[in-house]
Amino acid sequence: MAHMTMSMTMPISITHHKPKLVIPSIVTPHETKHLSEIDDQGTIRFHVPIIMFYKYNSLMEGKDPAKIIKDGLSKTLVFFYPLAGRLIEGPNKKLMVNCNSEGIMFIEADANVELDKLGDSIKPPCPYLEELIYNEPGSDGIIGCPLMLVQVTRFRCGGFAVGFRVNHTMMDTYGMKIFLNALSELIQGALTPSILPVWQRDVLSARSSPCITCTHQEFDEQIESRIAWESIEDKLIQQSFFFGNKEIEAIKNQVSSNCGCTKFELLTAFLWKCRTIALDLHPEEIVHMTLFVNIRGNLPKFELPSGYYGNAFITPAAISKAGLLCSNSLTYAVKLIKELKDHMNEEYIKSLADLIVIKGRPELSKSWNFIISDNRSSGFDEFDFGFGKPIFGGVPKAISLISVGVPVKNDKGEKGTLIPISLPPLAMKKFQEVVYKMTVKNVEGANIISKL
């Protein structure tokens, strides 16, 4: 029998100090920089939360993590000075950064509780997120607002949490990794980061005569389906599901042996199928599965500089009739995802950049779309600011349609992937049952972490 750990949310109170603006520690260039078309997609005009929790470490004796991180940010912004600027909008909604050194927002906070009392609730979906990354009124817009907010929360035990909220148009997960790497190195005494940031956003901009040359199903919108989804969007609840080696093995047994897919492709296909079953759609309804595919290192002939911290991902979508996806074996979904990735090339990226300009920065489809991002190698669980590695680091929840897979250990110490899923309550109940039936029944003693 699987055991399910329901994490009880304990009430905590956090005192927030007055927010301050942190600016680069020396004067940096005042200029206007253009974002790339990939930065400037309609769908990524939002802020991404990332949170890291650190246990008390004797190395911290007499040191204030808030002060250390704040000073480190000031040094890091010298190298990443566009982040201290503000976005402005040009013709055709084109985003540019006014590098004016206004600064990023920094909040110090104190919690009335020991970190270990929070238990598993530090993992996604973290119920304390709004307290740990406080939304200072007026700070979370896209134009003319701080591009990053950082909050350091001290716990009574001496442990602390660092929450980052980043304007997604400025960077993706890999870009954030470069930034945090620099922050960690500069805090620990380096004079310059080992990977210097590179702007060069023109490499992912539209061609001078934009021309759509590929099929981009990720923007195909069925109006009725979109309206149906939007009518349930504010009723969504989140729960997280843990997939370790045993669960992956159970899923693997459901696909043909010659499939040759990665673990994450397998998991993506499985979740897409389970979610579609749970939504109980008409068999003829078209469902989407949108992947975040990293351009870096994944596409031949397309090399970005190692310090490129802008957005460098594409979001191709597989589509299927709901009935076919639900009634076919899992191999069907895996093949759709593999075929999709096989068609990704340099021309697809150029066609996408051109489409974004031609079609006026459209958003990804909301027609029964499931969007998934693989953050297992983001390294957010590795960053050491001089006090050891975090006990959890990653994106702390699903963001609307987007689920993010993060690396965690379960309560038995097994490594695996935790994926928060957003669904309406009835569909969530059905989703749990389907996941249970398709994994746990094949696995003795499997473990699904599930949290409201």
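A polar contact is a pair of N or O atoms within 3.5 Å; within protein, one atom must be able to donate a hydrogen and the other to accept it, and residues adjacent in sequence count only if both atoms are side-chain atoms. The structure is a predicted model, in which local features need pLDDT of at least 70 and side-chain atom pairs count only at pLDDT 80 or more, while totals for chains, interfaces and linings use all residues. Residues are numbered from 1 along each chain as its sequence is written, and side-chain values use heavy atoms, with hydrogens and water left out.

D172 lies in the loop between β10 (160-167) and α3 (173-187); helices (H or I, at least four residues) and strands (E, at least two) are DSSP runs numbered from the N terminus. D172 has a relative accessible area of 8% and is therefore buried (under 20%, with exposed over 50% and partly exposed in between; 1.4 Å probe, protein chains only). The side chain of D172 makes a polar contact with the side chain of R296 at 2.9 Å, and also reaches the backbone nitrogen of A312 at 2.9 Å. Leaving aside neighbours within four places in sequence, the residues in contact (heavy atoms within 4.5 Å) with D172 are R296, Y309, G310, N311, A312 and F313.

Helix α3 also packs with helix α1 (residues 65-79): their axes come within 9 Å and cross at roughly 120°. Axes are lines fitted to C-alpha atoms, for helices over the stretch in contact, and angles run from 0 to 180 degrees between N-to-C directions.

An open sheet of 6 strands shows mixed pairing in the order β11-β19-β18-β16-β12-β15; two strands pair if DSSP finds at least two bridges between them. At its edges are β11 (237-244) and β15 (317-321), each pairing on one side only. From one strand to the next, the twist averages 25°. Strands β18 (residues 402-409) and β19 (residues 415-423) are joined in the antiparallel sense over 4 bridges, with K409 opposite K415 in β19. Two helices lie across β11 and β19: α5 (residues 245-252) runs at about 85° to β11, whereas α10 (residues 425-439) runs at about 10° to β11.
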